[in-house]
Amino acid sequence: MAIRSIRPLVSLCVFAIYALAGPVQADQPQLNFAVALSPPHITVEQNGDIDLIVKETFRRVGVTIAYQPTSVSRGLYGTLTGEFDGFFATPILTAPMLKPLVRVEEPIFSSIAGGVFLRDDITIYELADFKKYRVGYGKGWKQPGILLKDVPETHTANSPELLMEMLAQDRIDVAFMYFTHARYIADKKKITGLKFSKFIDHSGLFIHLNPKHADLAADLAQALRDMRADGTYMDILSRADLSTKQGLSE
């Protein structure tokens, strides 16, 4: 009789444990992010180095993320209006309209950009050397627009792929772009003989959040610092599905 009376109690306890465990998993926050695809760093397959770094960063603060590719302008504006919870990866934003966005202070990546060219007679050791050549860069990218303001002949392209085509077709002498992008695209398009300027420009890339998630910024920054300290960050860079390791984040 005593054994029979205990069984319903045990069953009730087991049921209670599962009932309590279920909501904990279901209630784990999920944020919806916008991204601008930037292979090999941010890819459709979500296996680029920045993809993996961002996922691990949010995992460490107990948040899952889902993200959809879009343009930079739509992604940032959508983050501002609340359509998206955040956007990655961008340099420090200077547009007054975007001032309400909350930047996670620790960068997720440091990209290396500079002059990319094919001809043997081109030498670029310092910024002033760009003035001797026809230089192209990505449309809407402010940093090269500022750096190359004294270059007499500049051209813009709507994408890194088009920029590399302009270079291959001799419509420009030098493409100012991220070195990893140049190598990735050259590998896809079978363009050989790439050369890189001695002048380089480092720029940090950051996560930006809608203001309602401002409380996450400090924890995310600490997670990134911890990843660098415990070796996870460099491990991700070494195992990410990249076609080249040129220009790895420092």
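In this predicted model, the largest nonpolar core holds 44 residues, and the members that touch the most others are Phe58, Phe88, Ile108 and Leu209. Helix 7, which spans residues 217-230, makes the greatest contribution to this core, with 5 residues. Leaving aside residues up to four places away in sequence, Phe88 is in contact with Phe33, Ala34, Val35, Ala36, Ile42, Ile50, Val54, Ile65, Tyr67, Ile108, Phe206 and Ile207.

Helix 5 is the next element to look at. Its buried residues are Leu163, Met164, Met166 and Leu167. These residues sit on the same side of helix 5 because they cover an arc of only 155 degrees around the axis. The partners against which they pack are strand 5 (109-117), strand 6 (135-138), strand 7 (154-157), strand 8 and helix 6. Just past the end of helix 5 comes Asp170, with a positive phi of about 60 degrees.

Helix 5 also takes part in the lining of the largest pocket. This pocket contains about 1,400 Å³ of space. Its lining is made up of 45 residues, of which Val72, Pro91, Lys139, Gly140 and Trp141 are the closest to the pocket centre. Several elements supply at least two lining residues each: helix 3 (72-81), strand 3 (86-90), helix 4 (142-147), helix 5 (160-168), strand 8 (174-178), helix 6 (179-189) and strand 9 (195-209). Strand 9 gives the largest share, 5 residues. Sorted by class, the lining consists of 25 nonpolar, 16 polar and 4 charged residues.

Strand 9 also contains Phe196. Is this residue buried or exposed? The cut-off for buried is under 20% relative accessible area. Phe196 has a relative accessibility of 18%, so it counts as buried. Beyond residues up to four places away in sequence, Phe196 touches Gly115, Val116, Phe117, Phe179, Ala182 and Arg183. Tyr125 can be located relative to Phe196 as well: the two are 71 residues apart in sequence, and their C-alpha atoms are 9.9 Å apart in space.

How values were computed:
Residues are numbered from 1 along each chain as its sequence is written. This is a predicted model: local features need pLDDT of at least 70, side-chain atom pairs count only at pLDDT 80 or more; totals for chains, interfaces and linings use all residues. Side-chain values use heavy atoms; hydrogens and water are left out. A nonpolar core is a set of buried Ala, Val, Leu, Ile, Met, Phe, Trp, Tyr and Cys residues joined through side-chain atoms within 4.5 Å. Buried means under 20% relative accessible area, exposed over 50%, partly exposed in between (1.4 Å probe, protein chains only). Helices (H or I, at least four residues) and strands (E, at least two) are DSSP runs, numbered from the N terminus. Contact means heavy atoms within 4.5 Å. On a 1 Å grid over the protein atoms alone, a cavity is a set of points where a 1.4 Å probe fits but cannot get out, and a pocket is an open set with protein on both sides within 12 Å along at least five of seven lines; lining residues have an atom within 4 Å of a point. Grid points are joined across faces, edges and corners, and a volume is the space filled by probe spheres set on the points. Ala, Val, Leu, Ile, Met, Phe, Trp, Tyr, Cys and Pro count as nonpolar, Asp, Glu, Lys and Arg as charged, and the others, Gly among them, as polar. The arc is that of the directions from the helix axis to the C-beta atoms.
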